[in-house]
Structure formats: structure tokens, C-alpha cells
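Here is a short briefing on one protein chain. Please look through the sequence and the structure before reading the notes below.

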Amino acid sequence: PVFSSRCQHERLMVPLIAEGRAVGLRGRKLACACGDTVRSDGSVKYGDKWLSAAGSRSILFNGERLGTQGPSLGMALGKRRAGGRILFVVENPVDALLLENFDFSVCAVATLGVSAWQDEWTALLAAASPRLVWVAFDNDRPGNGGGELGRREWLATHPQDITPNGV
């Protein structure tokens with residue numbers, strides 16, 4: 001496949017691999033301001049930290065930790081399986097890689113976004129029989145700027161706060 005991105009700056013690139021083939025790329029913003037906008041009050045609304053290159057497929061990163069393979073499951077590094085282990089479900093692939101390298105007894109998969117979970121993954125997760133599933137999504141307001149600034153902006157135009165999807 002051919003991949004392209006609206007950001008042409010240097011990014012931390014993570015390949016997305018499924019069924020032994022590269023099916024996409026995810027790039028983490030390093031120092032560019034792509035997508036950032038300055039508001040009239042001088043504050044900055046930051047653009048996406050992570051971008052998928054155009055042409056990328058949505059997969060569960062490290063999804064083969066659930067014991068199978070398929071077009072929506074990312075190929076895991078090594079043969080580690082979630083059965084009987086603690087399984088972390090995180091948003092981004094770097095978090096999954098860091099968790100597994102910090103503690104070799106755990107497994108970690110990354111959804112590539114809090115709203116990307118697919119029904120088929122639930123069945124695979126249940127069949128994998130992990131000892132414990134720990135959902136550790138980012139504690140932010142996706143699409144609303146995140147953090148305290150995002151909270152203030154939300155409350156300026158809405159009657160009540162939202163619960164971040166990562167809680």
C-alpha cells in the first residue's frame with residue numbers, strides 16, 4: 001500500500017502490521033505545530049498528537065496477544081499470549097510497547113483511540129482468558145483539547161462537564 005499524511009514533519013513512526021503485512025503507519029507528533037490553532041485570546045488548541053497515514057487500516061495493535069490472527073488484529077512481537085496474564089488495553093502503540101518492556105509478565109494491546117474498539121475484539125478477549133484486564137486509556141477529553149484548558153472551553157459552551165473517555 002501507499003501511505004501519505006497531511007503532516008510532513010518528522011514524527012515517531014510505528015508500523016501497523018496484520019497478517020504479516022504492513023497495513024498502516026501511526027505517527028506521533030514530536031515538535032511540529034501541524035493542526036495547532038491560536039485562538040483569539042492567545043491560547044492554543046493543539047492538533048492531533050497521533051496521526052494515521054492515509055491508507056492505514058484500523059487494527060488492534062498487538063492484537064495477536066489474544067491468541068489468533070486476522071485483518072483487524074495487529075501482529076504481536078514475540079509469542080506472548082494474554083491467557084492467564086494481566087492484559088492492559090491502552091490507546092497508543094508506544095504505551096503498549098513500554099508496558100510490555102517494563103514488565104515481561106504482562107501483555108498490552110492498543111486500540112489506536114478510545115472509540116475504536118470493535119465487537120469482535122470483545123469475543124477474542126473473553127476467549128483469551130486473561131487473569132485481569134486493565135483498561136488504561138488516556139485521561140483526556142478527546143476532541144476537546146484535553147486537560148484543564150479543554151475543561152474550561154467545554155464548560156464555556158455546555159451546561160456540565162463531560163467525563164473523559166479514558167476514565
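Contact means heavy atoms within 4.5 Å. This is a predicted model, in which local features need pLDDT of at least 70, side-chain atom pairs count only at pLDDT 80 or more, and totals for chains, interfaces and linings use all residues. Residues are numbered from 1 along each chain as its sequence is written, and side-chain values use heavy atoms, with hydrogens and water left out.

**Nonpolar cores**

- A nonpolar core is a set of buried Ala, Val, Leu, Ile, Met, Phe, Trp, Tyr and Cys residues joined through side-chain atoms within 4.5 Å.
- Buried means under 20% relative accessible area, exposed means over 50%, and partly exposed lies in between (1.4 Å probe, protein chains only).
- The largest nonpolar core has 14 residues, and L16, I59, F61 and A96 touch the most other members.
- Strand 1 (11-18), strand 6 (86-90) and strand 7 (107-110) each give two or more residues to this core; the largest share, 3 residues, comes from strand 1.
- Helices (H or I, at least four residues) and strands (E, at least two) are DSSP runs, numbered from the N terminus.
- Apart from its neighbours within four places in sequence, A96 is in contact with F61, N62, V90, A108, V109 and A110.
- A second, separate core of 13 residues includes L66, V89, V109 and F137.

- Two strands pair if DSSP finds at least two bridges between them.
- Strand 6 pairs with strand 8 (residues 132-135) in the parallel sense over 4 bridges, and V89 has V135 as its bridge partner in strand 8.
- Strand 6 also runs parallel to strand 7, joined by 4 bridges; here V90 has A110 as its bridge partner.

**A buried arginine**

- R26 lies in strand 2 (residues 21-29).
- R26 is buried but has no salt bridge, and the nearest side chain of opposite charge, E91, is 6.9 Å away.
- A salt bridge is a side-chain nitrogen of Lys or Arg within 4 Å of a carboxyl oxygen of Asp or Glu; Lys and Arg count as positive and Asp and Glu as negative, while His and the chain ends are not counted.
- Leaving aside neighbours within four places in sequence, R26 is in contact with L12, M13, V14, L16, W50, L51, S52 and L112.

**Positive phi in a loop**

- Most residues other than glycine have a negative phi.
- L112 has a positive phi, near 70°, and is not glycine.
- L112 sits in the loop between strand 7 and helix 2 (119-128).
- L112 is buried, with a relative accessible area of 14%.
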